[in-house]
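Let's take a walk through this model together. Open the viewer, keep the sequence at hand, and follow along.

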Amino acid sequence: MSLLDQFEVQFNELSNGAIVDGELSELQPVELAGIVNQEISRIQNDLSPSEKVEKISISLSSHDYKRLSKFETLLKDGLEDLLRKSGELKRIDSIAKTKIEIIKDSTLEQGVAKSVPLISFESPLEIFTEEYTEVITQTKTYILDVNGLKKNLVPGTYTLGRGTEVDIQIHDPGISRKHLSITVDEKVIVTDLNSTNGTFLGTERVQELIVEDTITFRVGVTEIKIVSETR
């Protein structure tokens, strides 16, 4: 029996089959498990060893959220169990402690759901003082968004490219094997590493970007966003 089948059987038993029936356009719990399973495959292909998945947010339409929210705890526990079992089976350490969040999105149509994982880096810095860390936390934090994968940027320097030796790998033939670096300090500096096809802000090719607020730039056909947040 597959993990998806196990999830469906266990959910139906624990909920006493309360929502097995429904309209064809209504989401069933096993469909949410299928969405999580797709994210697991994407995470397995796209994440580097230095990244961890903090949580996966699943957005539902108002109708489906109202229908399923009464089973929210049961759904979250079952989906998180699916993540842990898949992680053990496929040896994906990055989802060992991943949490599930179920939210309402009134812009979605009935029967439609979307998922967004939140990714964090293990800091490449071995030592940074408590005072310095506190200053960073109290001023600005930065989130990297690449093709819907969101990653918290902690202080350090990361490389991005198509090759396997980089910290952030993107499968885009228009990107060099080692395309650019991202340095995170009190602000973020993006530096093109003499890539073949370049880094673009709008239509302008740039060698370096200093990020103090939210910015979107392009490498190959991939749009990359760095979001600045004050916490």
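The paragraphs below visit the nonpolar cores, then a sheet, and then a serine in a loop.

A word on conventions before the tour. This is a predicted model, in which local features need pLDDT of at least 70 and side-chain atom pairs count only at pLDDT 80 or more, while totals for chains, interfaces and linings use all residues. Residues are numbered from 1 along each chain as its sequence is written, and side-chain values use heavy atoms, with hydrogens and water left out.

In soluble globular proteins, nonpolar side chains tend to be buried together. Here, a nonpolar core is a set of buried Ala, Val, Leu, Ile, Met, Phe, Trp, Tyr and Cys residues joined through side-chain atoms within 4.5 Å; buried means under 20% relative accessible area, exposed over 50%, and partly exposed in between (1.4 Å probe, protein chains only). The largest such core has 26 residues, and Leu32, Val36, Ile58, Leu79 and Ile100 have the most contacts inside it. Two or more residues each come from helix H1 (3–14), helix H2 (29–46), strand S1 (51–60), H4 and S2. H2 gives the most, with six residues. Helices (H or I, at least four residues) and strands (E, at least two) are DSSP runs, numbered from the N terminus.

Beyond its neighbours within four places in sequence, leucine 32 is in contact (heavy atoms within 4.5 Å) with residues including Ile58, Leu75, Leu79 and Ala113. A second, separate core has 22 residues, among them Leu160, Leu180, Val206 and Val211.

Now for the sheet. Five strands form an open sheet with mixed pairing, in the order S7-S6-S8-S9-S12; two strands pair if DSSP finds at least two bridges between them. Strand S7 (168–169) and strand S12 (208–211) are at the edges with a single partner strand each, so one side of each has no neighbour in the sheet. S7 pairs with strand S6 (residues 156–161) in the parallel sense over two bridges, and leucine 160 stands opposite isoleucine 168.

Strand S8 (residues 180–184) and S9 form a hairpin with three residues between them, pairing antiparallel over five bridges.

Finally, look at serine 94, in the loop between helix H4 (72–90) and strand S2 (99–104). Is serine 94 buried or exposed? Its relative accessible area is 11%, so serine 94 is buried.
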